[in-house]
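Q: I have a model open and want to go through its fold. Can we take it piece by piece?

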Amino acid sequence: MAKKDGGKRKRKAPESAPAPEPSLRDVLRIPEGERIDLAAYDARATPAGPADKAAGLAATAALGPRLAELQERLYASSTGGDRRRLLLVLQGMDTSGKGGTVKHVIGLFNPSGCRIRAFKSPTQEERNHPFLWRIMRALPQPGEIGIFDRSHYEDVLIARVRDLVPRRQVGRRYGQINRFEKSLAEDGVTVVKVFLHLSYEEQRARLLERLDNPDKHWKFNEGDIEERTLWPAYRQAYEIALERCTTDEAPWYLVPADRKWYRNWAISRLLLEHLEALDPKYPPGDFDVAECRARLLAT
């Protein structure tokens, strides 16, 4: 039998409410107006994430239905005149997981409502236009979710590292990018810019995995080895871009990318938080429901 205390039962302590989940937008956001040192960020970290890989995979899968619902609502709202849409910009060193994100995260959405574009070296036609010309042609339409695998930032990254244009011209492009992204925000585009932060050691491991597996040889490029020799220059170029182009309208988010499961969960959560902030609504019908139902039943 349970012991009594003076004939009175002890009151059960009230259960404390679970702590609210931290906003990943706050946790991963690059601070505005501060100098960026990528060496200070751990590429294997899992800030605000699930406890381990198994939990991370389960948590990512659990986000799928809610993401799909919000995507459908966003698309539906566009039929009623809502011009809002979302653009996910993915940047990172080779093997950081831009393609993997498209496969594992965007796969949670209905592909018919997505507009995916992978930017390669510009064609001759694209070189004949200002650097933002090809970007503007690939933007999502109202109600869509756009995904850029690389983006206009290549024109201040590889262009800077490889001296493809005069340094003064590169310097002007940061301001052009900020004005461009501000104009997108004013036109109803939610810009989610993600820098996939990969470590030098993890990139070597991923490249070796491609070399050691004949089924992945198609993903390997000898030029990747040469690019690794330019790692310090690319890191500096990214630091400058992150520092100069994180704004209220279009902030940068740094996602540690050494752990693929965390990368996928973090980007899924970021997209969920942005879509929930948009809170798109199904538009009301512009017809008499009762009358249409009666007519339908009469057929």
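Q: Which residues point one way from strand 3, and which the other way?
A: Ile-145, Ile-147 and Asp-149 point one way, Gly-146 and Phe-148 point the other way, and all are buried. Buried means under 20% relative accessible area, exposed means over 50%, and partly exposed is in between, with a 1.4 Å probe and protein chains only.

Q: What kind of model is this, and how are residues numbered?
A: This is a predicted model, in which local features need pLDDT of at least 70, side-chain atom pairs count only at pLDDT 80 or more, and totals for chains, interfaces and linings use all residues. Residues are numbered from 1 along each chain as its sequence is written, and side-chain values use heavy atoms, with hydrogens and water left out.

Q: How many helices and strands are there?
A: The protein has twelve helices and five strands. Helices (H or I, at least four residues) and strands (E, at least two) are DSSP runs, numbered from the N terminus.

Q: What order do the strands take in the sheet?
A: The order is 2-3-1-4-5, in an open sheet with parallel pairing. Strand 2 (114-118) and strand 5 (252-256) are the edge strands, each pairing on one side only. From one strand to the next, the twist averages 20°.

Q: What does strand 3 pair with?
A: Strand 1 pairs with strand 3 in the parallel sense over five bridges, and five bridges also join strand 2 to strand 3. Pairing here requires at least two DSSP bridges between two strands. Asp-149 in strand 3 is the bridge partner of Leu-90, while Ile-147 in strand 3 is the bridge partner of Ile-116.

Q: And strand 4 with strand 5, how many bridges?
A: Strand 4 (residues 189-197) and strand 5 are parallel and share five bridges. Lys-193 stands opposite Trp-252 in strand 5.

Q: Which strands does helix 11 lie across?
A: Helix 11 (residues 260-278) lies across strand 1 (85-92), strand 3 (145-149), strand 4 and strand 5, at about 150° to strand 5. Axes are lines fitted to C-alpha atoms, for helices over the stretch in contact, and angles run from 0 to 180 degrees between N-to-C directions.

Q: Switching to helices: at what angle do helix 6 and helix 10 pack?
A: Helix 6 (residues 154-161) and helix 10 (residues 231-244) pack at about 145°, with axes 9 Å apart. Among the residues that meet are Leu-157 and Ile-158 in helix 6, and Tyr-234 and Tyr-238 in helix 10; contact means heavy atoms within 4.5 Å.

Q: How do the residues of that contact divide?
A: The contact of helix 6 with helix 10 has ten nonpolar, no polar and two charged residues. Ala, Val, Leu, Ile, Met, Phe, Trp, Tyr, Cys and Pro count as nonpolar, Asp, Glu, Lys and Arg as charged, and the others, Gly among them, as polar.

Q: What is phi at Asp-163, and where does the residue lie?
A: Phi of Asp-163 is near 50°, a positive value in a residue other than glycine. Asp-163 lies in the loop between helix 6 and helix 7 (167-186). Most residues other than glycine have a negative phi.

Q: Why does Asp-163 count as exposed?
A: Because its relative accessibility is 54%, Asp-163 counts as exposed.

Q: What about Ala-48, where is that?
A: Ala-48 lies in the loop between helix 1 (24-28) and helix 2 (53-78). Phi of Ala-48 is near 60°, a positive value.
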